[in-house]
Amino acid sequence: MPNFKNCNTIRKSLYLLLMVLYLSGCASIQQPSGGPKDTQPPKVVKEIPSNLTKNFLAEKIEIQFNEFVKLNNEFTEVSISPALDEMPIFKARKQVLEINFDKQLDSNTTYTINFGKAIVDVNESNVLTNYTYVFSTGNKIDSLSISGNVKNSNTGELLKDATVFILPVKQDSLFAKKRANIFTTTDSAGNFKLNNLREDNYFLYALKEDSQDRIYNSPTEDVAFYTDTINLSENIENINLRVFRQVPDQLSVKSKKIEQNGRITIELNKRAANAALRVLDPASSDSKKYVELTPSQDSLLLWIPELSFDSLAVAVAAGNQFLDTVKLTRNKRDTYSRSITFSNNLSADKLKPGTDLQLILSAPGSSLELAKVTLLEDSILVSGFQIAQDTVNARKYFFKYPWKANRQYILQVAEQAFTDLFGNKSNPYTTTFSLDSEENYGSIALAVTVPDTTKNYLVEWMNQENMVLRTDSVKNNTVLNYTRYPTAKYKIRVVYDENKNGRWDTGNVKERRQPEKTWMFGSELTLRPNWDLEEQLVIPPI
């Protein structure tokens with residue numbers, strides 16, 4: 001017979017256990033995790049006194065946000081215009097930003113507090129960009145504005161996060177010395193607008209910089225300026241600013257190093273087509289040196305016979321004028337591997353049709369033992385190929401042969417086949433390659449129409465990374481043929497070569513000289529396999 005008393009006891013125990021588990025679960029309820037990441041900047045929900053207040057008499061401003069906020073880099077990001085002798089005290093507490101004024105403000109003056117990128121939320125550091133609080137101690141608010149866009153002068157690209165600022169003409173001597181107080185940054189479409197400006201005469205600038213300090217103080221920063229003085233008496237719109245990288249006035253050495261293979265690299269601060277080097281110490285190395293100017297014309301490569309020096313003094317010249325002297329030191333324990341190594345002009349082990357195979361030596365070549373160089377075609381030794389050293393670059397050798405499709409080639413260079421100018425020998429080298437298919441290349445005929453035959457235009461053929469592959473100087477209507485370029489997308493840029501020197505010239509802020517204007521052809525050109533295209537390029541007037 002069943003024991004009902006024991007059954008009841010078991011039921012009560014199970015009930016109590018379930019209640020404990022339920023209550024434990026309730027007590028441990030937590031905020032759900034996961035979900036989309038917060039990417040929104042904090043929002044202003046209330047301002048005390050209100051933004052754009054007139055007859056301002058308060059000693060404190062409170063700005064309330066929809067979430068907890070903090071200030072980042074307030075001493076560099078926050079500015080007040082007109083400038084105060086002593087900045088107010090900024091305090092961010094939870095969802096409120098307080099601004100306390102310790103000093104009396106000027107009467108009948110419109111003040112603009114620009115927070116730049118200082119206000120961020122606590123959790124994700126999302127930035128509230130270009131927030132401004134404006135008030136006036138008089139009975140009117142300055143309400144004039146200047147707006148426009150900022151582009152890259154080379155590519156025509158609209159620039160995001162470029163800093164745009166104005167300086168009153170009477171304060172323009174502060175340019176590149178002090179942070180601008182009246183500024184804004186461009187939006188994702190490259191547009192800007194400076195608001196609440198007083199009637200005055202201004203100079204207008206833009207900077208695209210890494211430091212974000214609103215000071216033009218580095219040759220690596222891009223700068224733009226509006227050529228004319230802005231006489232601001234009414235709103236001004238549609239101003240176009242084009243940033244450029246200014247070329248330093250004086251040629252100098254940017255960096256220098258002795259590489260592991262004994263080559264000395266000297267990087268210049270700008271291009272110099274006539275750059276040269278002289279070894280000052282040890283002077284005995286100067287007559288035996290070999291110098292190469294890189295294709296970009298902004299670096300010099302130097303080889304000398306001996307690397308046993310403690311220090312090396314080198315003078316940099318442009319033409320017959322010596323402009324800079326540098327000293328390189330080496331540790332006595334430093335050793336260098338001066339044997340010759342090779343590189344080539346193959347792309348993915350493919351040789352472009354209609355070209356020669358090139359070997360580029362790591363040092364200038366002096367002699368070659370032909371018997372130590374062999375070429376195999378489908379594993380069969382071939383003869384009749386020719387090797388020629390470049391007449392300009394002693395490191396470059398051309399291998400000439402009637403290359404055939406669907407064949408495999410093996411070039412073998414035995415040890416010590418090449419000797420450089422200082423007696424160093426080459427390492428062994430082998431490369432396997434084949435002739436690329438014509439189907440991987442395309443051609444295009446570009447019919448160019450110029451707007452003015454008295455002027456000069458540079459037509460630049462570029463890849464998608466904006467690297468210039470070819471430049472043609474054009475004065476009259478003509479057809480440019482681009483033959484055997486890899487199938488890909490290409491761009492065309494036109495430079496209005498105003499001084500007819502055959503290159504694009506950048507601007508100069510001090511001389512108030514703008515960069516030469518450029519124009520991008522509207523659409524990309526796609527070269528298709530084994531396909532010849534024709535395209536019309538009608539260059540518009542400036």
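**View 1. A cluster of aromatic rings.** Ring pairs link Phe56, Phe101, Tyr111, Tyr133 and Phe135 into a cluster. Here, rings of Phe, Tyr and Trp (its six-membered ring) pair if their centres lie within 6.5 Å; planes under 30 degrees apart count as stacked, over 60 as edge-to-face and the rest as tilted. By this rule there are 25 aromatic pairs. A quick note on the numbers: this is a predicted model, where local features need pLDDT of at least 70 and side-chain atom pairs count only at pLDDT 80 or more, while totals for chains, interfaces and linings use all residues. Residues are numbered from 1 along each chain as its sequence is written, and side-chain values use heavy atoms, leaving out hydrogens and water.

**View 2. Phe90 meets Phe115.** These two rings have centres 6.1 Å apart and planes at 85 degrees, so the pair is edge-to-face. Phe90 counts as buried at 10% relative accessibility, and Phe115 does too, at 0% (buried is under 20% relative accessible area, exposed over 50%, partly exposed in between, with a 1.4 Å probe and protein chains only).

View 3. Strands E5 (residues 89-93) and E6 (residues 96-100) pair in the antiparallel sense over five bridges. Strands are DSSP runs (E, at least two residues), numbered from the N terminus, and two of them pair if DSSP finds at least two bridges between them. Lys91 sits opposite Glu98 in E6. Two residues separate the strands, and Lys94 in the turn has a positive phi of about 55 degrees.

**View 4. Arg512 over Phe203.** Arg512 lies over the face of Phe203, 4.7 Å from the ring centre. That takes NZ of Lys or CZ of Arg within 6 Å of the ring centre and within 35 degrees of the ring normal.

How values were computed: Helix = DSSP H or I, 4+ residues; strand = E, 2+ residues; numbered from the N terminus.
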